[in-house]
Amino acid sequence: MMLSLLRRTGAVLALLLAVPALHARPAASDTVLIVVSGEGRDHGKTRPGFEMDEFAQAYLIFRDNGLAVQVASPRGGPVEADKFDPKEPFNARVLADPAATALLADTRATATLRAADYAAVYVVGGKGAMFDLPADAALRTVLGTLHDQGAVVAAVCHGPAALVDVRLADGSLLVAGRRMTGFTNAEEGVFGKRWAKEFPFLLETALRERGARWEQAPLMMPKLVVDGRLITGQNPYSTPAVAEAIVRATGRTPVARTPWRDEASMTLVQRLLDGEADAVKRELASNRTGYHDQLIGVLGYYQLQAAQDDAAVRDALAIMQLAAPYMSEPQLPLGIAQAHWRLGEVEQARSVLGKLLETHPDMAEAKQLKDTIEG
């Protein structure tokens, strides 16, 4: 926009217009506060931090929709994300953005924040959020004040941990009676084994105990819940939906964009489960670069581990079979065989296991399942 202004009106007028803009502070109605954990050390190896994917995707959606962004953490200063893929397009774009990297290198301390400066707050997840965010009294105060003043309060994945004990001006809990979601106990049981034993609470349990009306999707599937100005997302794959819901809540219509690969993959899986199997298989086969087949396979495998009934096992099996032509990892056919066995489809389980043991004759888990089937 500034370059076109220079061409149309000349350099002198452009400079007169630009100088005030350089020093102008964005209006509160145009500013989103992103809150991240400051716990992270060694990319999550010795202490968990925040999820870069959840930061990057939301940051880009906010900026692309004309919103200014500020970033805060409990102590302020530099913050460290858990290990992530810097080549993912959203992460690569943020890492190449000096403004974004500067925000993460010098976050604002929550004790210095003024609620009046923001139209919305978005709390990023990651396991570090379970430690420093709920313990931060200054953050609890600013979150409650933001909601009291009419701002949007949003969080994704473990981010709702920051909301657990937030109280409003009338003394009531922010979450009481509100429709919400977040990282589920089932997801924690599969993916939280290292750190969950040190958490002050399990997120789903704590929110239910405080009166939240909990909602969830199957393990690691996207889930967005909007209850007035309270917006929550279940897991990392819910991030784009949460960010765009925040944009809408500020009175804007989100700009059109091409879904990211992981986002498109989750949509493809949902279409599969909705009965579009043939169309989905053709689409994946014809557009390998547009989807993340490894993610699809892993999703199905872990959904099988969490499945509590035959319907959930069948869904997990269908997801694994969708990815099977494109994955060489032996755990996937093992999972497929396990699913057939759990469904009582003995011959199918034998067939998959037989092919697996031809290529991996020493795979202990496959031999154990074969022994179980043969009785």
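Modeller: Here is a close look at the salt bridge between Arg 47 and Glu 198. This is a predicted model, in which local features need pLDDT of at least 70 and side-chain atom pairs count only at pLDDT 80 or more, while totals for chains, interfaces and linings use all residues. Residues are numbered from 1 along each chain as its sequence is written, and side-chain values use heavy atoms, with hydrogens and water left out. The mean pLDDT (the predictor's confidence in each residue, from 0 to 100) is 93 for the protein.

Now to our pair. A salt bridge here is a side-chain nitrogen of Lys or Arg within 4 Å of a carboxyl oxygen of Asp or Glu. The side chains of Arg 47 and Glu 198 make such a bridge, at 3.4 Å from N to O. Arg 47 sits in the loop between β1 (31–35) and α3, and Glu 198 in the loop between α7 (185–191) and α8 (203–209), so the pair ties together parts that are 151 residues apart in sequence. Those labels follow DSSP runs, numbered from the N terminus: helices are H or I with at least four residues, and strands are E with at least two.

How open are the two partners? Arg 47 has a relative accessible area of 23%, making it partly exposed, and Glu 198 is partly exposed at 40%. On this scale, buried means under 20%, exposed over 50%, and partly exposed in between, using a 1.4 Å probe and protein chains only.

Across the whole structure, a search finds 20 salt bridges.
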